Amino acid sequence: MNDIAMDTSGWLAAAQKLQPDTVALRRAIHEEPELGLETPKTLAKVKAALAGLPLEWKQGPSSTGAIAVLRGGKPGRTVLLRGDMDALPMPEDTGLPFRSKIANTMHACGHDTHTAMLASAAKALCARRDQLPGTVLFMFQPGEEGWHGAKKMIEDGLLDNPAPEAAFALHIIPNAPAGVFTAKAGPMMASADEIYISVKGKGGHASMPHHAVDPIPVACEIVTALQVFVTRRIDIFDPVVITFGKIEAGSTDNVIPETARLLGTVRSLSEESRKAAHEGIARVAQNIARAHGCEAEAEIVLGFPVTVCDAKAVAHAAASIGATFGKDAWQDMKAPVMGAEDFSYVLHRVPGAMVFLGVCPEGQAWQSACPCHSNKMVLNESVLARGVAAHCAIAERYLAQGLGG
C-alpha cells in the first residue's frame, strides 16, 4: 500500500506540468462548441493534442465518439475513463476572453473541461506506459446532453475488444468547494424521461363555455393532480419528480381551443418508481380528462436510465483521491441528485462510478456560484490539474489491484 500511495502522489506534479496544455485545450474547445452527436472539430483538437502518443483509436458510424486505447507494458486489467465533448444550445454571457464564438451554443456544463482533463490524463499515463499492468480506454464521447451518445458508442461496439472491467468519469460542479471530490454508492443521479400529454376537448366561443368542452382547465388540473400523485402514490424513500415546463393551447383571448398540450419531465431513482410514475401519469391524465368530457393521450419518451455507482468503485475512487491529495479532498455525497447522466449506460454494463469535482471560481462563495447550465457559468481552471491527477490515480490503482484493494 505504501508503494501505491507514493506512486499516486506523483500524479499531481505531473498534472501541474501539463496544466498549460489542459487550459489551452479547454479554452480552444470552449471557443468553438459543438452540439449533439457530431463534434468533429472538438475531436480533431483532442487528436491533435494527443498526436504522436502510443494510442490506438477506434470510432464508429453513429457519432464522432472515439476510444483511445493505451496498452500498458504489462498484461492486466482494463479500465475506462470518460470525458464528454458536446455543448448546450444556449447563449453565453460570461464575458470571458475565450467565450463561445458560435451563436446560441455554450459549454455551460463543463464538458470542455472534462475533455481537456481526460486528454491530459492520457498524456500523463502514456508517459508511464511501460509501468502500467493493463489497458486504459479513454472515452471521448459526444451527445451527452440528451442525445444518448454513450449508448450510441456502446451499440457501435466501441466498448468491446478490449472491454472495460471498470469505468470512471469526472464531472465538474461550479457551485461546490474548489478541489473537493464527492460521489455516492448506489443511485446517484436520476433517470430522465419526457412527458407529452395531449388533452382534446371541443372548441367554442369564450363567452359560452357551456357550449364547448374547454381543455385548458382540464390540462391545468392534470398538472396539479400529478403533484398529488407523486406525494401520495410514490414511496418518499424512492422519490419521483414530475415537472411541466411547457403548456401550449389556443390562439387568441376569445376562443376556446380544441386541444391543450403539456410537455414535462419525470425523474426517478429506481426502475420500480420509474415504472410506477409512467403508469400513474397515463392513468391520472386519462381519468381527469374523462371526468370533464375530454380525452387525453399521454406519451412517455424514455431518456437516460438511473446512474448507479458501484460501492466498491466509489470506495476505490475515494482511496485513490485520498492517497493523491489527502483525506480532506474527499467528501461522501449525502444524497442523490435528480439530474441525469448518460454515463449511466456505461455503468449498466460494468461496475464504476461518476465523481463530482468542485470548481468554484476563486474569490467566490461556492453557494452563490452559477451552476452548470447557466449562461454565466464560470469555473476555477487551477482545479483542473486535480482532475487530471485523479483520473491517473484512479486508473493506475485499478490496474494494480482492481476494486478489491
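Entry on the model. I am working with a predicted model, in which local features need pLDDT of at least 70, side-chain atom pairs count only at pLDDT 80 or more, and totals for chains, interfaces and linings use all residues. Residues are numbered from 1 along each chain as its sequence is written, and side-chain values use heavy atoms, with hydrogens and water left out.

Entry on a further charge. I noted that Arg 386 places its charged end over the ring of Phe 325, 4.4 Å from the ring's centre.

Entry on the whole protein. I recorded eleven helices and 16 strands; helices (H or I, at least four residues) and strands (E, at least two) are DSSP runs, numbered from the N terminus. The C-alpha trace spans about 80 × 45 × 45 Å along its principal axes. Of the 405 residues, 54% are buried, where buried means under 20% relative accessible area, exposed over 50%, and partly exposed in between (1.4 Å probe, protein chains only).

Entry on aromatic pairs. I paired rings of Phe, Tyr and Trp (its six-membered ring) if their centres lie within 6.5 Å; planes under 30 degrees apart count as stacked, over 60 as edge-to-face and the rest as tilted. This rule gave me three aromatic pairs. One of them joins Phe 304 and Tyr 345 edge-to-face, with 6.1 Å between centres and 80° between the planes. Phe 304 is in the loop between strand 13 (295-301) and strand 14 (307-309), and Tyr 345 is in helix 10 (residues 344-347), so the pair ties together parts 41 residues apart in sequence. Phe 304 is buried at 7% relative accessibility, and Tyr 345 is buried at 14%.

Entry on helix 8. I traced this helix over residues 271-291; its 21 residues reach 30 Å from first C-alpha to last, close to the expected 30 Å. The expected span is 1.5 Å times one less than the number of residues. Its buried residues include Arg 274, His 278, Ile 281 and Ile 288. What do the buried residues of helix 8 pack against? I found strand 8 (191-200), helix 7 (215-233), strand 10 (240-249), strand 12 (259-268) and strand 13, with contact meaning heavy atoms within 4.5 Å. After helix 8 comes Gly 293, with a positive phi near 80°.

How values were computed:
A charge sits over a ring if NZ of Lys or CZ of Arg is within 6 Å of the ring centre and within 35 degrees of the ring normal.
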